[in-house]
Amino acid sequence: MSVLSANAAFYDAFTSADVRKMQDVWAAGDGVSCVHPGHPVIAGSAAVVNSWRALFSTGAEMPALRATRQKVVIRGNVAWVTCQETTGDEPSSLEAINVFERRDGKWLMCHHHASPVFVWGSPALVPGHTSARSLRVPRRRVAGYYGRRA
């Protein structure tokens with residue numbers, strides 16, 4: 001399995017809201033971590049899988065999230081993919097880094113971090129705006145990542 005195949009399996013597990021598939025994507029152990037958009041780090045494979053279980057148990061349909069603009073870097077038995085997370089034709093408001101470790105010839109996720117990005121036209125990107133309060137995150141899209149409306 002290639003790194004991009006492992007990355008695709010992660011997004012398939014997300015879109016299908018399948019805890020078993022999601023568990024199969026992740027490595028086991030204390031060194032595993034996940035940062036959902038707007039949330040603190042979750043550490044340890046059991047806690048990470050439980051976070052996905054909780055998300056999927058809401059009953060909300062997960063958006064057809066896919067990775068675009070993927071860039072893969074491989075360093076020995078560790079690889080990472082940087083990408084945009086997109087749904088349909090909407091412009092992306094989430095960037096992600098997915099880190100994988102090769103164990104027994106299989107690439108397994110050991111870290112996922114998705115973060116909202118600021119869009120052009122936001123007051124934070126207009127000269128003269130320096131206040132953190134003027135930063136505007138597209139809440140609807142971030143909430144959409146979790147299958148809920150803001």
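The following legends describe close-up views of a predicted model.

**View 1. Helix α1 and its buried residues.** Helix α1 covers residues 3-16 and has 14 residues. From its first C-alpha to its last it reaches 20 Å, close to the 20 Å expected at 1.5 Å a residue. The buried residues in α1 are V3, A6, N7, F10, Y11, A13 and F14. They cover an arc of only 155 degrees around the axis, which puts them on the same side of α1. An α-helix has 3.6 residues a turn, so residues three or four places apart point the same way. After α1 comes A17, with a positive phi near 55 degrees.

**View 2. Helix α3 and its buried residues.** Helix α3 runs over residues 45-56, 12 residues in all. Its reach from first C-alpha to last is 17 Å, close to the 16 Å expected at 1.5 Å a residue. In α3, the buried residues are S45, V48, V49, S51, W52, L55 and F56. These residues cover an arc of only 150 degrees around the axis, which puts them on the same side of α3.

View 3. An open sheet is formed by 6 strands, in the order β2-β1-β6-β5-β4-β3, and the pairing is mixed. Strands β2 (42-43) and β3 stand at the edges with a single partner strand each, so one side of each is left without a neighbour in the sheet. Strands of a sheet pair through backbone hydrogen bonds, either parallel or antiparallel.

**View 4. Pairing of β1 with β2.** Strand β1 (residues 33-35) pairs with β2 in the antiparallel sense, over 2 bridges. Within this view, S33 stands opposite A43 in β2.

**View 5. Salt bridge between K21 and D12.** In the salt bridge of K21 with D12, the closest N and O atoms are 3.0 Å apart. K21 counts as partly exposed, at 34% relative accessibility. D12 is also partly exposed, with a relative accessible area of 38%. A search of the whole structure finds 3 salt bridges, and the next two views show the others. Side chains of opposite charge can pair when their charged atoms come close.

**View 6. Salt bridge between R69 and E95.** The side chains of R69 and E95 meet in a salt bridge, at 3.9 Å from N to O. R69 lies in strand β3 and E95 in strand β5 (residues 94-103), so the pair ties together parts that are 26 residues apart in sequence. R69 counts as exposed, at 58% relative accessibility, whereas E95 counts as partly exposed, at 25%.

**View 7. Salt bridge between E101 and R103.** Here the side chains of E101 and R103 meet in a salt bridge, with an N to O distance of 3.0 Å. E101 is partly exposed at 27% relative accessibility, and R103 is partly exposed at 32%.

**View 8. Nonpolar surface patch of L4, V72 and I74.** The residues L4, V72 and I74 make a nonpolar surface patch of about 230 Å². I74 lies in strand β3, which covers residues 65-75. The relative accessible area of I74 is 46%, so I74 is partly exposed. Strand β3 is one of the edge strands of the sheet.

Definitions and conventions. Residues numbered from 1 in each chain as written. Predicted model: local features only at pLDDT ≥ 70, side-chain atom pairs only at ≥ 80, totals over all residues. Heavy atoms only, no water. Helix = DSSP H or I, 4+ residues; strand = E, 2+ residues; numbered from the N terminus. Expected span 1.5 Å × (residues − 1). Buried < 20%, exposed > 50% of the residue type's maximum accessible area, 1.4 Å probe, protein only. Arc of directions from axis to C-beta. Patch = residues over 30% accessible without salt bridge, like charges linked within 9 Å, V, L, I, M, F, W, Y side chains within 5 Å. Areas by Shrake-Rupley, 256 points an atom, 1.4 Å probe, with all protein chains shown as cover. Salt bridge = Lys/Arg side-chain N within 4 Å of Asp/Glu carboxyl O. Pairing = 2+ DSSP bridges.
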